Amino acid sequence: MAYQQGYRASPKHRAPRGPAPTMGDPTQLFDDTSAGMPPQHPGGYPSQPGGYPQQGYDMGGFSADSIFTDPMANVAMAYGSSMANQGKDMVSKEIDRFVSINKLKYFFAVDTKYVMKKLALLMFPYTHQNWEVRYHRDSPMTPRHDVNAPDLYIPSMAFITYILLAGMALGIQKRFSPEVLGVCASTALVWMIIEVLALLLSLYLVTVHSELTAFDLLAYSGYKYVGMILTVASGLLFGSDGYYVALAWTSCALMFFIVRSLRMKILATASSEGVVSHNSKNRIRIYITVATAGFQPLMIYWLTFHLIR
Amino acid sequence: MAFTLYSLIQAAILCVNAVAVLHEERFLSKIGWGADHGIGGFGDEPGIKSQLMNLVRSVRTVMRVPLIIVNTVAIVLLLLFG
């Protein structure tokens, strides 16, 4: 490697490699003791054995800092930063092969106002008028600008909150142990994976050419965790009756929300106003939408009833 | 019902094995689910049955070799760790 060779050859000749070493700057600390005027161009280190001016790694005027005058630290820092850059590129390239990071970033572009509105919408969707996802020059708008867009922030936060709440509920009933948290988490995760896979399979079989990706479906099936949290919380506060009342309320709200959100995406619209046509092609899609919506209360009940006794 | 991720993997392996075991000419053609039945109409869109047959055939083609590897690994793990 160039650095090691240069090191053993001439420890007196220092050359900060890498990004733009500034030449002749006011933070030059020592007089130039190398023979002859140094050539003023960066790079080409093995071909220029004649000295370079000693200069610190110019970090905006840290002139008195002893670390940056040390040549070994200079080179090591430059080398380390270039290695870190290479490592970062490699890791991001490898991750990009499996999960598209840009698409994932779209789902996490939220802000507080969106989260508040979306939570209110999940619990009371009956007064919302316009359910279409707005587009901005052929790509869907981020959740920051459109309350109808699905996001993955609320489902992931709700999932974690649900696990914590389940642990607390079991602790109140003196049935807690640390393994319970792991079992609860993996059970909920497995059910979510099963649901997303079943939905993807059924959409493939019916050849729905919609823009619903796996992440969208993950987002829509993750919204039930909000309902689960409310149900468990009211079950803890108000006992068994509160649990069933909250279960009924969140089930209805969630079913309405899912049907209205997925209707636009799955069902084929025939006329220009977007009225859903009732031909045979749509019948199966209607069944799929209703089955998805009906599956949510089942899951809410299945994953929470053992927490309320 | 306590699910772990490992039980999900086991269920997935069993399901994919079941799909890969369906033999083309001995079984599927006999019940009218062969691949030659499905390539019929290139009409407006293929029906559910032809999509399903396509899916079965593609799973069989793609997963044949990885299934050998995954099944061997699963058998070894089950023998060692029960």
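Trainee: In this predicted model, how should I read residues 62-81 of chain B, and how far apart are the end C-alpha atoms of that span?

Mentor: A record and the coordinates can be set side by side here, provided that each is kept apart in the reading. In the coordinates, the span 62-81 of chain B is 100% helix and 0% strand, with its end C-alpha atoms 29 Å apart. In the record, an unreviewed UniProt entry, the annotation "transmembrane region" covers these residues, and such annotations may be inferred rather than shown by experiment.

Trainee: Which residues of chain A does UniProt list under "transmembrane region"?

Mentor: The unreviewed entry lists residues 152-174, 180-205, 217-237, 243-263 and 284-303 of chain A. Two of these can be followed in the model: residues 152-174 of chain A are 87% helix and 0% strand, with end C-alpha atoms 33 Å apart, whereas residues 180-205 of chain A are 100% helix and 0% strand, with end C-alpha atoms 37 Å apart.

Trainee: How many helices and strands does each chain have?

Mentor: Chain B has four helices and zero strands, so that its pattern from the N terminus reads α-α-α-α. Chain A has nine helices and two strands, and along the sequence its elements follow the pattern α-α-α-α-β-β-α-α-α-α-α.

Trainee: What share of each chain counts as buried?

Mentor: A residue is called buried when its relative accessible area is under 20%. By that cut-off, 39% of the 309 residues of chain A are buried, and 18% of the 82 residues of chain B. As for the surface, chain A exposes about 17,500 Å², with carbon and sulfur atoms supplying 65% of it, while chain B has an accessible surface of about 6,000 Å², of which 72% belongs to carbon and sulfur atoms.

Trainee: How do I read the length of a helix, taking helix 1 of chain B, and which of its residues are buried?

Mentor: The distance between the end C-alpha atoms is compared with the span expected at 1.5 Å a residue. Helix 1 of chain B, residues 5-21, has 17 residues and reaches 24 Å, close to the 24 Å expected. Its buried residues are L8(B), I13(B), N17(B) and A20(B), and they pack against helix 6 of chain A together with helix 4 of chain B, residues 48-81. An α-helix has 3.6 residues a turn, so residues three or four places apart point the same way.

Trainee: What covers the buried residues of helix 4 of chain A, and what span should this helix have?

Mentor: The twelve residues of helix 4 of chain A should span 16 Å at 1.5 Å a residue, and the end C-alpha atoms are 17 Å apart, which agrees. The buried residues of this helix are Y114(A), V115(A), K118(A), L121(A), L122(A) and M123(A), and their cover includes helix 5 and helix 8 of chain A.

Trainee: Which residues touch the most other members of the largest nonpolar core?

Mentor: The largest one has 54 residues, among which Y162(A), Y225(A), F257(A) and L307(A) touch the most other members. Helices 4, 5, 6, 7, 8 and 9 of chain A each supply at least two residues of this core, and the largest share, twelve residues, comes from helix 8 of chain A. Apart from it lies another core, of six residues, including Y106(A), A149(A), L152(A) and A219(A).

Trainee: Which residues does Y225(A) touch?

Mentor: Not counting residues up to four places away in sequence, Y225(A) touches P155(A), A158(A), F159(A), Y162(A), A188(A), L189(A) and M192(A).

Trainee: Is Y301(A) buried or partly exposed, and which residues does it contact?

Mentor: Y301(A), which is found in helix 9 of chain A, counts as partly exposed at 32% relative accessibility. Leaving aside neighbours within four places in sequence, Y301(A) is in contact with Y243(A), Y244(A) and L247(A). Y301(A) and M228(A) are 73 residues apart in sequence, yet 8.2 Å apart in space from C-alpha to C-alpha.

Definitions and conventions. Residues numbered from 1 in each chain as written. Chains lettered and ligands numbered in written order. Predicted model: local features only at pLDDT ≥ 70, side-chain atom pairs only at ≥ 80, totals over all residues. Heavy atoms only, no water. Buried < 20%, exposed > 50% of the residue type's maximum accessible area, 1.4 Å probe, protein only. Areas by Shrake-Rupley, 256 points an atom, 1.4 Å probe, with all protein chains shown as cover. Core = buried A, V, L, I, M, F, W, Y, C linked by side-chain atoms within 4.5 Å. Contact = heavy atoms within 4.5 Å.
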